[in-house]
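Here's a quick walk through the fold, taking the helices and the sheet in turn. Have a look at the model before reading on.

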Amino acid sequence: MQKKTNIILGIDPGTIIMGYGLIRVHGNKISLLEMGVLQPGKVKDSYKKLQLIFNTVSGLVTKYQPDTFAIEAPFFGKNVQSMLKLGKAQGVAIAAALRHGLEVTEYQPKKVKQSVTGNGNASKEQVQKMLQQILAFDDSPKYYDATDALAVAVCHHFQQKASLPSNKQKANGWKDFIAKHPEKIIVVK
């Protein structure tokens, strides 16, 4: 039986810099396909920025044919105008994914960091270093937006994997776990 290959597109939305990351999952192996940034901030017209985001996400979907699409949710900041712009960028990226028939999943920034590093308050540098270990790449991108988007894709993979049904019996509390796994007990003297 052939193992299914799954491609995940992750997006870190933005109207100044938008990050994107694509991973391929084959069995238990995760590999990096591509990561990068789009710089809509270089375009003056705000509607042309949104068109550029839509076209870029559509182009990535057409090129890589991802199975799933994950995007980082905007975090609440003090500047309402920035939040509105970020929401538009996110909406356009989601619309592009939906246009191509992809299911959309959204993750809070803390959830992404927690999933990738084990710490919901991890720095962008820590996220990048962990991704370099997980995906075995050396290059440090110029913008953290690229690794942030890659982290969204990896987070989505980990969340999908965690939700898969398992043949293993789950423990009901510590007593049950210890009863089922006596080999895990370490006696400290």
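In which hand does α1 pass α2? The crossing is right-handed. Keep in mind that this is a predicted model.

**The helix pair**

The axes of α1 (residues 46-64) and α2 come within 8 Å, crossing at roughly 35°. On the α1 side, the contact is made by L50, I53, F54, V57 and S58. From α2 come K88, A89, V92, A93, A95, A96, A97 and R99. Sorted by class, that's ten nonpolar residues, one polar and two charged.

**The sheet**

Now for the strands. There are five of them in an open sheet, ordered β3-β2-β1-β4-β5, with mixed pairing. β3 and β5 are the edge strands and have a single partner each, so one side of each has no neighbour in the sheet. On average, neighbouring strands are turned by 20° against each other, ignoring direction.

| Strand | Residues |
|---|---|
| β1 | 5-12 |
| β2 | 18-26 |
| β3 | 29-38 |
| β4 | 68-72 |
| β5 | 104-107 |

β2 and β3 run antiparallel and are joined by nine bridges. Within this pair, G21 of β2 sits opposite M35 in β3.

**Helix on sheet**

Back to α2 (residues 80-99): this helix packs on the sheet, where it touches β1, β4 and β5. Its direction makes about 175° with that of β4. So what does α2 touch overall? Strands β1, β4 and β5 of the sheet, and helix α1 through residues including V92 and A96.

Methods: Residues numbered from 1 in each chain as written. Predicted model: local features only at pLDDT ≥ 70, side-chain atom pairs only at ≥ 80, totals over all residues. Heavy atoms only, no water. Pairing = 2+ DSSP bridges. Helix = DSSP H or I, 4+ residues; strand = E, 2+ residues; numbered from the N terminus. Axes fitted to C-alpha atoms, helices over the stretch in contact; angles between N-to-C directions. Contact = heavy atoms within 4.5 Å. Left-handed = near helix turned anticlockwise from the far one by under 90°. Nonpolar A, V, L, I, M, F, W, Y, C, P; charged D, E, K, R; others polar.
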